[in-house]
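I opened a structure that was new to me and kept short notes. The entries below follow the order in which I looked things up.

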Amino acid sequence: METTPRYIEWISPEEMHKATLSWISELKFIADEQLFLNSLVKSYTARLIEEHIYDRSKELVGAILDAENDLKGLLKEVQVHEYQLEIMIDDVDQPRMEKAYRDTHLELMNTMGNYLEDYRSLKKQLFELLSKIIKKDKQQRLLN
């Protein structure tokens, strides 16, 4: 892991700008995606609260809501980071502020990686649970 801080020391402002714009784009996409996930949960609420999967679905839906709330703060943080890029491109030599910006970029890189990994895992778990529900519904309709 020691190569990451050295990498940050050498990353150019343009690369940080591209990474930050990419993060903003990903987070905005996730915000739209969460609207879809919320719609899915609402559509299958009756099935999600059935006794045999209630605890699991309650935990999963709660985690997705937490991720949605975390997203708002993270998006604001990344947008502020983007606005502060000027520190790196102005022609004023400010070593402390530039180091602080690079350190913040490294922290955001780690935070984004963790958030995206956790979010994808939650989404996968929700889809697996809903897939089982849908398959069970289809089987019951075929039997009737």
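**Entry 1: ground rules**

I am working with a predicted model, in which local features need pLDDT of at least 70 and side-chain atom pairs count only at pLDDT 80 or more, while totals for chains, interfaces and linings use all residues. I number residues from 1 along each chain as its sequence is written, and side-chain values use heavy atoms, with hydrogens and water left out.

**Entry 2: overall fold**

I looked up the secondary structure and found six helices and zero strands in the protein chain. Helices (H or I, at least four residues) and strands (E, at least two) are DSSP runs, numbered from the N terminus. Along the sequence the pattern reads α-α-α-α-α-α. The radius of gyration is 21 Å, well over the 15 Å that the globule rule gives for 144 residues, so the chain is more spread out than a compact globule. That radius is taken over C-alpha atoms, and the globule rule is 2.2 Å times the number of residues to the power 0.38. Along its principal axes, the C-alpha trace spans about 75 × 30 × 20 Å.

I then checked burial, where buried means under 20% relative accessible area, exposed over 50%, and partly exposed in between (1.4 Å probe, protein chains only). Buried residues make up 35% of the 144 residues. For contacts (heavy atoms within 4.5 Å), I noted that residues 24 or more positions apart account for 87% of those with a separation of 6 or more.

**Entry 3: two of the helices**

I compared helix spans with the expected value, which is 1.5 Å times one less than the number of residues. Helix α2 has 31 residues and should span 45 Å; its end C-alpha atoms are 45 Å apart, which agrees. Helix α4 has 30 residues and reaches 44 Å from its first C-alpha to its last, close to the 44 Å expected.

The buried residues of α2 include W23, L27, E33 and L37. What covers the buried residues of α2 includes α3, α4, α5 (86-89) and α6. In α4, the buried residues include L60, I64, L74 and V78. Their cover includes α2, α3 (45-48) and α6.

**Entry 4: nonpolar cores**

Next I searched for nonpolar cores, meaning sets of buried Ala, Val, Leu, Ile, Met, Phe, Trp, Tyr and Cys residues joined through side-chain atoms within 4.5 Å. The largest one has 26 residues, and those with the most contacts inside it are L27, L74, V78, M112, Y115 and L126. Helices α2 (13-43), α4 (54-83) and α6 (95-143) each supply at least two residues of this core. Its largest share, ten residues, comes from α6. In soluble globular proteins, nonpolar side chains tend to be buried together.

Leaving out residues up to four places away in sequence, M112 touches W23, L27, L74 and V78. There is also a second, separate core of five residues, which includes I11, L85, M88 and Y101.

**Entry 5: salt bridges**

How many salt bridges does a search of the whole structure find? It finds six, a salt bridge being a side-chain nitrogen of Lys or Arg within 4 Å of a carboxyl oxygen of Asp or Glu.

I looked at E26 and R120, whose closest N and O atoms are 3.5 Å apart. This pair links distant parts of the chain, with E26 in α2 and R120 in α6, 94 residues apart. E26 is partly exposed at 26% relative accessible area, and R120 is partly exposed at 49%.

E33 and K123 form another salt bridge, at 2.9 Å between the closest N and O atoms. E33 is in α2 and K123 in α6, 90 residues apart. E33 counts as buried at 16%, and K123 is buried at 18%. K123 touches E33 and L37, again not counting residues up to four places away in sequence.

E50 and R47 meet at 3.3 Å, N to O. E50 is partly exposed at 24%, whereas R47 is buried at 16%. R47, E50 and D137 are linked in a network of salt bridges.

**Entry 6: aromatic pair**

Last, I checked rings of Phe, Tyr and Trp (its six-membered ring), which pair if their centres lie within 6.5 Å; planes under 30 degrees apart count as stacked, over 60 as edge-to-face and the rest as tilted. The count comes to one aromatic pair. The rings of Y115 and Y119 have centres 6.2 Å apart and planes at 5 degrees, so the pair is stacked. Y115 and Y119 are four residues apart in α6, which is about one helical turn. Both Y115 and Y119 are buried.
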